[in-house]
Amino acid sequence: MTQREIQIQNSKNTCEHVYQLNPNSIPVLHVLLSEEELALRLQNYSCSLSIIQKFMKKLLSFLSDTPTVVVTTDHEGYVLDSYGDESFEQMTASLGIQNGVKFDEATAGTNAITLALKHQEPIHLIGDDHYHYCFEDVACYSAPYAYHNGEIIGTISLMTTKKYASQLHLGLLSSSIDTIEREIQVNKQNEQLHLYNQMLMRATPIGIVISDQDGQIKEFNRSAEKLTGLNKTKMIGYSITEIPTLKPFFDHVLSKKEGIEDIEITFFKNDERKCLLDILPLYDHNQQLSGAFAQFRDMTSYYQLQEQVIQSEKLSAIGKLGAGFAHEIRNPLTSIIGFTQLLDVNEEQVSYINIIRAELDRMKNLVNQFVMMGKPTISERTLNQLNSLVFETVELMKSNAHLHNVELEFDANTEKIKVCMDSSQIKQVLINFIKNAIEAMPEGGEISVHLTKNEENAVISIEDNGKGMSEEEVKQLGTPFFSTKRSGLGIGLSICFDIMEAHNGEISIDSEIGKGTKARLILPYHKGEN
């Protein structure tokens with residue numbers, strides 16, 4: 001016996017002894033899928049069924065003289081589609097063959113569909129090969145079809161009468177299935193590629209616009225929406241003229257059939273966005289122009305960074321130049337100050353000399369600040385009491401505060417705190433902030449200084465009720481040459497920020513116009529014994 005004959009005989013034995021089917025009866029196939037389940041399976045198999053119909057209807061056209069019906073099932077044997085000769089289809093319908101029924105041995109007896117799925121190979125049953133005698137005039141040819149990895153998708157069957165049975169049917173079916181499998185695989189790959197392309201189009205920060213050869217927009221991704229300020233749904237299908245910034249470049253590519261690269265463009269829809277544009281012509285498989293592909297990259301941040309670098313280089317050059325001038329000015333200035341002290345003048349001239357000395361001292365102070373700014377901040381740090389340093393500094397500044405009608409108070413609600421610091425530098429920072437607070441209240445006011453600590457840091461708070469600053473001014477504090485005072489050079493706070501950074505500390509400033517300013521000097525403290 002051949003392998004096919006053994007498979008058929010084993011199936012008949014199962015039908016007789018296991019399922020105890022009567023070969024003289026007419027099998028009744030039952031619809032086991034609900035309408036919802038059938039609709040879901042048809043949706044999942046829609047692509048495969050479309051491809052199968054395309055090739056099998058073409059095959060049926062060559063078998064027009066043979067009454068033939070095509071039946072397609074899923075991998076479990078549920079019928080999903082059937083078509084072919086009308087008269088023969090009426091006969092199969094009388095046996096209950098319709099969408100949703102299941103072919104299995106328990107109800108249909110020995111049949112080609114069940115055997116093809118069970119043994120995963122083509123098989124044919126003619127006349128008496130079937131278990132039930134009502135099929136003695138029927139010939140059925142079934143073959144499974146699968147993905148390239150061998151996973152069975154379902155079966156395709158050709159059903160005809162015994163009179164027209166021929167080995168040619170099985171050959172034609174097998175040949176068609178080979179083509180169908182390749183087409184399904186290509187279609188699946190295309191779907192995956194389309195999915196990947198869509199993911200890339202959505203995820204990329206690069207704006208992408210694709211048009212056909214007439215300039216009609218076919219693709220417009222999310223990044224293009226953000227950069228142009230235009231809505232995708234309103235762009236697809238419309239002319240590239242809807243995007244005036246891109247139109248001349250698309251016109252050039254579509255007319256000259258040559259790409260352009262690294263063209264700087266600017267969109268002004270929401271805010272100004274500077275981009276670099278590339279456009280390439282697209283060609284079909286016949287090398288005919290089919291459209292244009294444009295991509296534009298947002299370079300706004302790059303240009304802003306470039307401007308910041310240029311500005312930083314300018315400030316660096318100014319700083320170096322200023323430090324150089326300061327060194328050259330300081331030497332003769334020291335001599336001038338010294339000689340003014342040796343001048344022998346009468347009482348009338350004393351007032352003039354005092355003014356000269358005061359102005360010279362002011363110049364010396366400015367020059368010294370320039371020199372300090374030009375040097376790297378070097379700290380000679382030792383472990384010292386922060387409480388006493390803050391107290392001494394506040395006491396030192398009280399006389400200056402009283403001259404400006406300002407009350408200066410210090411409150412240390414904590415035990416003594418030791419900090420590894422350069423005491424003179426930290427005192428310089430404190431003096432600078434207290435002095436700024438005094439100057440922020442030309443009509444007088446109150447300044448409170450508090451010393452507290454948390455788990456990690458000591459915090460010195462200097463709070464005034466002066467005129468305050470805007471949010472933008474607060475952000476720029478510490479920037480060289482930025483000052484909120486008319487006569488200020490913007491150097492003092494810059495030095496303070498450098499000193500605090502050298503001490504592994506930081507400066508935090510909160511301010512509101514008309515409500516005053518609160519500065520916090522934060523320093524890591526020593527956690528050993530005080």
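Biologist: Which residue in β10 is the bridge partner of L282?
Modeller: G291 is. This is a predicted model, where local features need pLDDT of at least 70, side-chain atom pairs count only at pLDDT 80 or more, and totals for chains, interfaces and linings use all residues. Residues are numbered from 1 along each chain as its sequence is written, and side-chain values use heavy atoms, with hydrogens and water left out.

Biologist: How many residues lie between the strands in the hairpin of β9 and β10?
Modeller: There are 5. Q287 in this hairpin takes a positive phi near 60 degrees.

Biologist: How do you know which strands are at the edges of the open sheet?
Modeller: The sheet has 5 strands in the order β7-β6-β10-β9-β8, with antiparallel pairing. β7 (217-220) and β8 (260-267) each pair on one side only, and these are the edge strands. Neighbouring strands are turned by 25 degrees against each other on average, direction ignored.

Biologist: How many bridges link β6 to β10?
Modeller: Strand β6 (residues 207-212) and strand β10 (residues 289-298) share 6, in the antiparallel sense. V209 stands opposite A294.

Biologist: What joins β17 to β15 and β16?
Modeller: Strand β15 (residues 457-464) has 8 bridges to strand β17 (residues 516-524), antiparallel. I462 is bridged to A519 there. Strand β16 (residues 506-512) pairs with β17 over 7 bridges, also antiparallel. D510 has K518 as its partner in β17. The hairpin of β16 and β17 leaves 3 residues between them, and G514 in the turn has a positive phi of about 85 degrees.

Biologist: Why is I434 called buried?
Modeller: Buried means under 20% relative accessible area, exposed over 50%, partly exposed in between (1.4 Å probe, protein chains only). I434 has 1%, so it counts as buried. I434 sits in helix α14. Its contacts (heavy atoms within 4.5 Å) include T393, M397, L408 and I462, not counting residues up to four places away in sequence. The C-alpha atoms of I434 and V449 are 8.8 Å apart, at 15 residues along the chain.

Biologist: Buried or exposed: which is H169, and why?
Modeller: H169 has a relative accessible area of 5%, so it is buried. H169 lies in helix α7 (residues 167-203). Beyond four places in sequence, H169 touches L63, T66, Y141, L158, T160 and Y164.

Biologist: How do the axes of α13 and α14 lie?
Modeller: Helix α13 (residues 386-403) and helix α14 (residues 423-439) have axes that come within 10 Å and cross at roughly 35 degrees. Axes are lines fitted to C-alpha atoms, for helices over the stretch in contact, and angles run from 0 to 180 degrees between N-to-C directions. Among the residues that meet are V394 and M397 in α13, and I431 and I434 in α14. By class, this contact has 11 nonpolar, 3 polar and 3 charged residues.

Note on methods. Helices (H or I, at least four residues) and strands (E, at least two) are DSSP runs, numbered from the N terminus. Ala, Val, Leu, Ile, Met, Phe, Trp, Tyr, Cys and Pro count as nonpolar, Asp, Glu, Lys and Arg as charged, and the others, Gly among them, as polar. Two strands pair if DSSP finds at least two bridges between them.
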